[in-house]
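Have a look at the model first, and then read on.

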Amino acid sequence: MTELLRLAIAEIEKLSPEQQDAIASRFLEELQDEQKWSTRFNSTTDEQWDRMAEMVRQEINSDETVSLDDFLSTEK
């Protein structure tokens with residue numbers, strides 16, 4: 001176990017049982033989600049990556065994309 005994880009656990013141990021369980025639930029959900037993404041990425045073939053890249057290129061060329069600045073803008 002890393003020192004950072006030990007520190008985090010030590011801080012979590014100071015919390016109420018309910019708070020500890022809430023953090024543990026989020027942590028376990030995050031681990032499960034990370035495993036799903038890892039499995040999906042590892043099982044994606046080069047052909048699938050190439051098709052996805054081509055789809056993105058087509059969207060960019062046909063102006064179907066929105067710039068990240070526009071998407072994240074807080075101004076309305």
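Contact here means heavy atoms within 4.5 Å. This is a predicted model, in which local features need pLDDT of at least 70 and side-chain atom pairs count only at pLDDT 80 or more, while totals for chains, interfaces and linings use all residues. Residues are numbered from 1 along each chain as its sequence is written, and side-chain values use heavy atoms, with hydrogens and water left out.

Let's begin with the overall picture. The protein has four helices and zero strands, in the order α-α-α-α along the sequence; helices (H or I, at least four residues) and strands (E, at least two) are DSSP runs, numbered from the N terminus. Its radius of gyration, taken over C-alpha atoms, is 20 Å, whereas a compact globule of 76 residues would have one near 11 Å; that globule rule is 2.2 Å times the number of residues to the power 0.38. The C-alpha trace spans about 55 × 40 × 20 Å along its principal axes. Of the 76 residues, 1% count as buried, that is, under 20% relative accessible area with a 1.4 Å probe, protein chains only.

| Residue | Location | Touches |
|---|---|---|
| Met1 | segment before α1 (3-12) | Arg6 and Ile9 |
| Thr44 | loop between α2 (17-43) and α3 (46-61) | Trp49 and Met52 |

Met1 is exposed because its relative accessible area is 60%, and exposed means over 50%. As for Thr44, its side chain reaches the backbone oxygen of Arg40 at 2.6 Å.

Note on methods: A polar contact is a pair of N or O atoms within 3.5 Å; within protein, one must be able to donate a hydrogen and the other to accept it, and residues adjacent in sequence count only if both atoms are side-chain atoms.
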